Amino acid sequence: MKILIAGSGAGAQALAWKLLQDPAVEKVWLAPGNPATSCAPGMENIPVSSGDVEGLARAALELKADFTLITPTQTLAAGVADYFKSRGLPIIAPTREASRLEWSKGFSKKFMKKYQIPTPYSAICESQEQAQKFADTLPLPVVIKADGMVHGGTGVVIAQDRQHVKNTLEEFFTRNVGPMLVEEFIEGEEVSYTILFDGKNYLPLAESRDYKKLLDGDKGPNTGGMGAYSPVLSSAQHEAIITQIVEPCLAALNSEGIEYIGFLYFGVMIDKKGMPSLLEINCRLGNPEVFTILERLESPLHELFILTLQKGYFRRHTRTRFTCFDHSYLHR
């Protein structure tokens with residue numbers, strides 16, 4: 001089996017590493033890859049940008065890849081899945097419309113509210129004045145998020161005082177990052193909960209928790225993640241996330257007629273009462289959570305991808321296996 005992965009980061013490298021642990025996987029190409037993947041056994045970099053949708057399709061065709069995986073959000077937003085499907089090329093990635101759940105905070109929040117999925121109280125604000133007015137109604141701290149794609153976790157600020165709120169909004173709108181999502185802060189334990197979805201059935205993967213803050217003691221600005229650990233949830237918490245977050249979201253996708261295939265990442269906050277609340281949705285494996293997820297996964301990864309492409313076979317043909325914690329959920 002030969003697989004193409006679009007991406008250059010450590011997440012793409014981790015996927016290639018995990019895939020190559022099974023003898024059935026002969027080759028993994030990375031577009032464009034990184035210096036480490038250029039010399040790793042079984043991996044090969046190709047000179048195609050991860051954002052070059054047409055170039056990726058040509059490479060997948062010429063290399064006769066069994067399927068393609070996408071790691072950058074920007075490539076999903078560029079409509080890579082739509083283009084591959086138009087060419088009859090197998091790809092495990094959501095369409096551009098579906099991936100708006102990640103690259104548009106406003107779209108995602110409206111989606112959650114429409115289908116009554118528990119999420120923090122918030123408002124989507126088109127102007128600094130509107131954002132400031134709404135922020136003034138919220139208790140401190142206040143969460144401020146850029147609507148579009150912002151790299152490195154810098155699109156989210158937790159403002160601790162009123163001056164910090166004002167300065168953040170002024171900075172964001174001056175940089176034309178808006179519209180902004182202004183949101184109440186929920187104190188609790190955050191968890192990254194990821195599933196692999198074939199459009200009908202889904203497989204939960206190992207949960208994870210990353211270190212968001214730059215400094216020790218949970219202080220400093222948010223980052224894209226400073227490492228992660230797993231497991232972190234009890235069976236009851238798993239079940240609460242599935243019944244209150246995951247399954248309502250999948251039912252909502254079906255109601256909207258949104259076709260989805262691939263990873264779905266739920267950023268969940270569990271408050272002091274044990275209630276889960278959905279903070280965000282990503283349409284890929286989170287980074288650095290990907291490392292803990294793949295370290296714990298014992299099932300052959302390529303087999304899960306094959307079953308994803310076959311649609312409807314999860315329930316009859318496989319169960320995911322994890323180390324450290326016996327959690328073998330399998331849902332339809």
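Which helix gives the most to the lining of the second largest pocket? In this predicted model, that helix is helix 9, residues 235-256, which contributes 4 residues to the lining. The pocket itself has a volume of about 220 Å³. Its lining consists of 15 residues, and those closest to the centre are Phe197, Gly199, Lys200, Leu250 and Asn254. Sorted by class, the lining comprises 6 nonpolar, 3 polar and 6 charged residues.

Helix 5 spans residues 96-103 and helix 6 spans residues 105-114; their axes come within 6 Å and cross at roughly 95 degrees. Crossing angles of 65 to 115 degrees count as roughly perpendicular, and helix 5 and helix 6 are therefore described as roughly perpendicular to each other. On the helix 5 side, the contact is made by Glu97, Arg100, Leu101, Glu102 and Trp103, which meet Lys105, Phe107, Ser108 and Phe111 of helix 6. By class, this contact contains 4 nonpolar, 1 polar and 4 charged residues.

The backbone also deserves attention. Most residues other than glycine have a negative phi, and most peptide bonds are trans. Against that background, several positions in this model may be examined individually.

Alanine 31 and proline 32 are joined by a cis peptide bond, with omega at about 5 degrees. Proline 32 belongs to strand 2, which covers residues 27-32. A cis peptide bond also links serine 230 to proline 231, and omega is about 5 degrees there. Proline 231 is located in the loop between strand 15 (228-229) and helix 9, the helix that gives the most to the lining of the second largest pocket.

Two further positions concern phi. In lysine 64, a residue other than glycine, phi is positive, near 60 degrees. This lysine 64 lies in the loop that runs between helix 2 (53-63) and strand 4 (67-70). Is the residue buried or exposed? Lysine 64 has 68% relative accessibility and, because values over 50% qualify, counts as exposed.

Glutamine 116 likewise has a positive phi, near 55 degrees, and is a residue other than glycine. Its place is the loop between helix 6 and strand 6 (122-125); helix 6 is the helix whose axis crosses that of helix 5 at roughly 95 degrees. With 72% relative accessibility, glutamine 116 also counts as exposed.

Conventions:
Residues are numbered from 1 along each chain as its sequence is written. This is a predicted model: local features need pLDDT of at least 70, side-chain atom pairs count only at pLDDT 80 or more; totals for chains, interfaces and linings use all residues. Side-chain values use heavy atoms; hydrogens and water are left out. On a 1 Å grid over the protein atoms alone, a cavity is a set of points where a 1.4 Å probe fits but cannot get out, and a pocket is an open set with protein on both sides within 12 Å along at least five of seven lines; lining residues have an atom within 4 Å of a point. Grid points are joined across faces, edges and corners, and a volume is the space filled by probe spheres set on the points. Helices (H or I, at least four residues) and strands (E, at least two) are DSSP runs, numbered from the N terminus. Ala, Val, Leu, Ile, Met, Phe, Trp, Tyr, Cys and Pro count as nonpolar, Asp, Glu, Lys and Arg as charged, and the others, Gly among them, as polar. Axes are lines fitted to C-alpha atoms, for helices over the stretch in contact, and angles run from 0 to 180 degrees between N-to-C directions. Angles under 35 degrees count as roughly parallel, over 145 as roughly antiparallel, 65 to 115 as roughly perpendicular and the rest as oblique. Contact means heavy atoms within 4.5 Å. Buried means under 20% relative accessible area, exposed over 50%, partly exposed in between (1.4 Å probe, protein chains only).
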